Every structure is written in structure tokens, then in C-alpha cells.
Amino acid sequence: MKYISTRGQAPELSFEEAMLTGLARDGGLYVPSEWPQMSKAEIAALAGLPYEDAAFRIMRPFVGETFTDTEFREIITRAYAGFGHAARCPLVQLEPGHFLLELFHGPTLAFKDVAMQLIGQMFEVSLKRQNRRVTIVGATSGDTGSAAIEAFRGLDAVDVFIMYPDGRVSDVQRRQMTTPSEANVHALAVAGDFDDCQALLKDMFNDFTFRDEVGLAGVNSINWARVLAQVVYFFTSAVALGCPHRPVSFTVPTGNFGDIFAGHVAKRMGLPIDRLVIATNQNDILHRTLQSGAHAKQGVTPSISPSMDIQVSSNFERLIFDLYDREGAAVAQLMDSLKAEGSFTLSQGALSRLTDEFDSGRASEDETSRTISDAHKAYAEVLCPHTAVGVKVAREQTGTSPMITLATAHPAKFPAAVKAATGLHPDLPPRMGDLFERPERITHVANDLGAIETIIRKARA
Ligand SMILES: *Cc1c(COP(=O)(O)O)cnc(C)c1O
């Protein structure tokens, strides 16, 4: 299996190289050169398998020679051992014909753990074999950073530094980053906002001397290995509801388009998915794109579902590549226009392919809050605000297939929004009930590239 860039100008890579590289050198994103197929019989045979066994069968063709079968099985086993539910990603029924896929049983209570835990174990095996050590630096508004720290804590081949905006993440998010005691993890509280953190990260990757000196690597949401890990639960949940003998639909609370793109991959591999529904909050660039074909940036408005407050939906580029028959030059042109003018318009053909496969909807702040409150009153189900955006949009769909809405975070991760809607403070699961007693370890840093690079150089030495 080879990996090619969505812009057609970067060298083809193996799975291992694509995973360790992240962004392609032509500015594009890596995708497999073809979609491996699963037959009806192979899909049916996933029924009843432990999550790990299904994950092995679904992901194996993408990994190629990078890992042996035994190595890959062990990687998957280690990745999900720390999940707080034996089914890893269980499906629960919300109401007739509507199910929630709970993706928040990992160590940081958000779906990003499903991919990040796997990527941590894959990095470790791959780097140790190559006798290499890397420094992972990330910028976070909360969820990605805590998931990365949990995934890499205590591993030998990696140092991890996460920059977060000082005073602007929730207490739970901060403590998840600052309480792990392993020497290879570092939470950097930056005197600035999230945009400052992202700008620092970009500048760091462009400082080639520093980049080579510390072996800088990234694990942000454009990393192909993260998308791959998310393909698995589309299969396992669909099969639990009777796929491949009847089709199902999915509604996905969407920000960077990584999670829902994994649904597109599952469909391309042969899973009979009826509709894929994009659910956005008030930052609704993707919903507007489906309605008009115009993909136009507006400013980000902060919401109670902060992990979806995004206007540059990076992984959308991977879908555009497929919508344009994998023509790298066409993708490059659209992306240049997005950079220069803040927008692009899809061709008629591309737009009709998009709407053949996807639907979309949005939830305002009020609608999100009301959905949390309704679900609590009607079903005693406590939803996180991101999941509530999905539930609201899913309920507007008119199709007849069973609907699965992805529940992307545990309500206790966003207690303020949940309390405002229900009057109840959502408790952390017992296994992390002592989060507020554990000692914190924080390095406060100025919003200054040189100062932060010095800290990283020293801390990893
Ligand atoms: C990251 C995140 C999302 C958005 O997922 P994308 O892959 O960026 O579309 C939704 N909900 C939660 C809780 C998240 O952390």
C-alpha cells in the first residue's frame, strides 16, 4: 500500500513514512493510493468479534509492510487496554431508530483517544526499530493535547510538549495535561490565546535548524494514521445494527472533518452506509458548502462545543481529492484560492457528488443547550455539547435507515454547559475521580518562539 499526496506533487510514501511525516511537502495530505475492499462476507464476519480483532482485520491492508501481523496485533491490544469499557466503543439506543456510538471511554474522555492511543503505540514500535527518537510538539485548545499526552506518556522514543493557552482551557482539560508525572511529557502554558499557540507551532516547523536538531514530529488531525483508527468504529457499530444486510446512516459532530472522513473511507471500502450527515455548530462553513457549493471562511465564534470551533476544516481536502477524481492539480488550485481569497467554489459535478453521499445540518447555541436538556428530561441521558449538536441534526433527517450519532465526548469534560442545560453537575467516571487531587506540573512560557525552543532543548536533554 502506497500513500499519495492530495496535491499530486510530493513523493509516494509507505504507511510508516506517511505516519511519521504528517503533512506532505507539497502542502497536501497523504491518502492511500487505492481503497482496499471488504466483501459482504468479510463484513458479516466482523459480527461479535472483540473490538481489537475487528480493528486488526479492517486496518491490516492499510499498514502494509510497516508492522508484522504479530506486532500489529500487540499494538492494537496495548492501545485499547486502558479504555474504561470492555466493548471499547459501545453502541447504546437513544430512541427508536436512533443510536449513540459512545467514543469517550478512553483515558481523556473524548473520541480523540481512539486514534491517539493507537498512534502512540505505532510511533513507539516504529521509532525503536529505527533507533530514532522524536520530539512531538502540539498546540491545543484542550482535547487534542490531553489525548496526545496520555498516548505518549512514559514511552521511550518520544518527548512530548503541548502548548495550550494559559487560563483558556477547562479545569478538567488542564489537569489532564498537567497531572501525568512521567518525565517525557511537558505541558507548556503559553501567555496567549490558541491562535498564538498554533502560530508558534507553525514557526517551529519552519525553523529547520531546530526542527532537525530535536527531530520535530507532529500528530495533529491531518495525520493519516489518526483517520485510519477512526474507520474501525464505523464498521463495528454498523455491523452491530445488521450491516451488511441492511444499510445504516451516521451523523457526525464535525470540526476538522477527520472523524466523518473516516466514515467516507468505510463506505469506499464497501460498508453499506446510506447517508453521512455532517453536524456543525454555529461555525457552519461545511453546512454552507453543502447548500451552495461555496466554501467560504468567516470568523470563528466561540461556542459551548469548542472542539468544533473551526473555520479551516483541514481533512475536507481529502474528500475534495475524491470528488475531483483524484486530480491533484485541481485540489491544489482550490486550496490556493482558499489561502489567497478565503474561499473556493466547487464545480457542479463535485457538488453533486458531495450531496449524493452527505447531508448536513447546524445547531445554534440555544438548540444545542435545549437538546441536552430534552435528552436529560426524556431519557435521563446526559449528552456533551458536541454530541448534542449531532443529536439535534440527526433528528431532522428523514431517511428510513437506523441512525447512529457519534457521541464524541463524555459530559463531565464540559461541565459548565451541561450544568447550564440540566441543572446537574456531571461527575467524572470513578477511575479518574481523583483528578482534582493529583499534583500539577506546569511550565509557564512567554509567547516567544526563541524562549520556547530553549525550554524544549533543555527539557529533552
Ligand atoms: C475534535 C472533536 C470533534 C470534531 O472532530 P473532527 O474530526 O475535527 O471533525 C468533535 N467533538 C469533540 C468532543 C472533539 O474533541
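This is a predicted model: local features need pLDDT of at least 70, side-chain atom pairs count only at pLDDT 80 or more; totals for chains, interfaces and linings use all residues.
1. The ligand is surrounded by 15 residues, of which K112, D143, G255, N256 and T408 are the closest. By class, this shell comprises five nonpolar, seven polar and three charged residues.

2. D143 places a polar side-chain atom 2.8 Å from an oxygen atom of the ligand, and the side chain of T408 has an N or O atom 2.9 Å from a ligand nitrogen. N256 contributes through a backbone N or O atom, which lies 2.7 Å from an oxygen atom of the ligand. Of the 390 Å² of accessible area that the ligand has on its own, the protein covers 97%.

3. Helix α18 spans residues 415-422. Its buried residues are P415, A417, V418, A421 and T422. Viewed down the helix axis, the buried residues fall within an arc of 165 degrees, so they line one face of α18. Among the elements that cover them are α16 (365-379) and α17 (385-395).

4. The face of α18 turned away from the buried side carries two exposed residues, A416 and A420. A420 has a relative accessibility of 68% and therefore counts as exposed, the cut-off being over 50%. Between A420 and R129 the C-alpha to C-alpha distance is 50 Å, with a separation of 291 residues in sequence.

5. Just after α18 comes G423, whose phi is positive, at about 85 degrees.

Methods
Residues are numbered from 1 along each chain as its sequence is written. Side-chain values use heavy atoms; hydrogens and water are left out. A residue is near a molecule or strand if one of its heavy atoms lies within 4 Å of it. A polar contact is a pair of N or O atoms within 3.5 Å; within protein, one must be able to donate a hydrogen and the other to accept it, and residues adjacent in sequence count only if both atoms are side-chain atoms. Accessible areas come from the Shrake-Rupley method with a 1.4 Å probe; for residues, only the protein chains shown count as cover. Ala, Val, Leu, Ile, Met, Phe, Trp, Tyr, Cys and Pro count as nonpolar, Asp, Glu, Lys and Arg as charged, and the others, Gly among them, as polar. Helices (H or I, at least four residues) and strands (E, at least two) are DSSP runs, numbered from the N terminus. Buried means under 20% relative accessible area, exposed over 50%, partly exposed in between (1.4 Å probe, protein chains only). The arc is that of the directions from the helix axis to the C-beta atoms. Contact means heavy atoms within 4.5 Å.
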